[in-house]
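Please have the sequence and the model open beside you.

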Amino acid sequence: MEAIQSVRLDDENSCLVLLDQTLLPNEKVFFRLSTVEEIWEAIYHLKVRGAPAIGIAAAYGVYLGVKKSEAASFAELSEEFAKVKQYLASSRPTAVNLFWALQRMEDRLKAEADQTVDDIKQAMKEEAEAIRAEDEKVCLAIGEHALSLLEPGWGLLTHCNAGTIATAKYGTALAPMYLGQERGYDFRVYADETRPLLQGARLTAWELQEAGVDVTLICDNMASIVMQEGKVQAVLVGCDRVAANGDTANKIGTSGLAILAKHYGIPFYVCAPTSTIDLNCATGADIPIEVRKSEEITTQWYEQPMAPPNIKTYNPAFDITDHSLVTAIITEKGIIREVTGTARFLSNH
Ligand code: MRU
């Protein structure tokens, strides 16, 4: 499948090349970032977004930060590394892939302690490239496992954007849609617009339409009627963090969809790489939820304000779906049907 590369390293020019996701679908602009501060800002402002893509961008950010270091020893380099890691980790709180990727970079740094500074820098580049390359394979495997649960002609509903641009290539929840498209499954996909930042309308609807998938955009509050009318045979969503008990954090509105799906007897599938499972969080209550600024609700997407000035707002960017509402979690290593057993699944695979 052809895919846009939303995050890529241009090592020759020591920069990260990102597709600015805030400008889609109207403009397809790639821009170059060479400082860790610029990368932090791109993650914070959702120019790069989606759990795996954030992790990949942060890994490259660490490499670029370390690359320009003038440290003369491992100890000096480690000190600088720690600052960059801590700084990038403060960009967004919910997607564990960010912390996972940063930790993986640190583990590699420590494993190279006996090497020269130049060799360590090279190892940082290799590790970041490996994180990106592995994500491609992982998402393809998620797509294959997810497709095994779906039947040709089905209507599928998705929320937010868990597609190509949120990952290295295939997406997570959208991966089976792409594979199904190649294999003649003729899925009909319903994309929730995903208030307030419209990732469904701006990104998912655009991505799937570009790929020739039959996609219909609906407002978030229309999910119930399309389910009631029998148009949806499965819900597929991505994920930012899975707790040990199978509770999952994803874009705000996901838990409401899961409740609706249960009501209508529709399977609710969460697609997530195993790197999204965080056994340090016993339940969803331990997952930090990002709360973002009011303007995203009141003014950001409008020519004129759509709410009274100084209105009180509450803008959580994610919610927790209780494990009891999740039919299965689909990972690259297989399908977790007993979602409370994430730790057992990980230790067996
Ligand atoms: O705030 P965002 O746009 O980064 O939120 C993204 C999501 O909620 C996605 O569903 C999730 O990160 C999975 S991306 C494969």
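In which loop is the place of proline 25? Proline 25 sits in the loop between β2 (15-19) and β3 (30-33). Helices (H or I, at least four residues) and strands (E, at least two) are DSSP runs, numbered from the N terminus. This is a predicted model, in which local features need pLDDT of at least 70, side-chain atom pairs count only at pLDDT 80 or more, and totals for chains, interfaces and linings use all residues. Residues are numbered from 1 along each chain as its sequence is written, and side-chain values use heavy atoms, with hydrogens and water left out.

**Cis peptide bonds**

- Leucine 24 is linked to proline 25 by a cis peptide bond, with omega near 5°.
- Arginine 195 and proline 196 are also joined by a cis peptide bond, and here omega is about 0°.
- Proline 196 belongs to the loop between β5 (188-192) and α7 (199-210).

- Leucine 46 is not a glycine, yet its phi is positive, near 65°.
- You will find leucine 46 in the loop between α1 (36-44) and α2 (51-67).
- Leucine 46 has a relative accessible area of 6%, so it is buried (under 20% relative accessible area; exposed is over 50%, partly exposed in between, with a 1.4 Å probe and protein chains only).
- Cysteine 160, not a glycine either, has a positive phi of about 60°.
- The loop between β4 (155-158) and α6 (175-182) holds cysteine 160.
- Cysteine 160 counts as buried because its relative accessibility is 7%.
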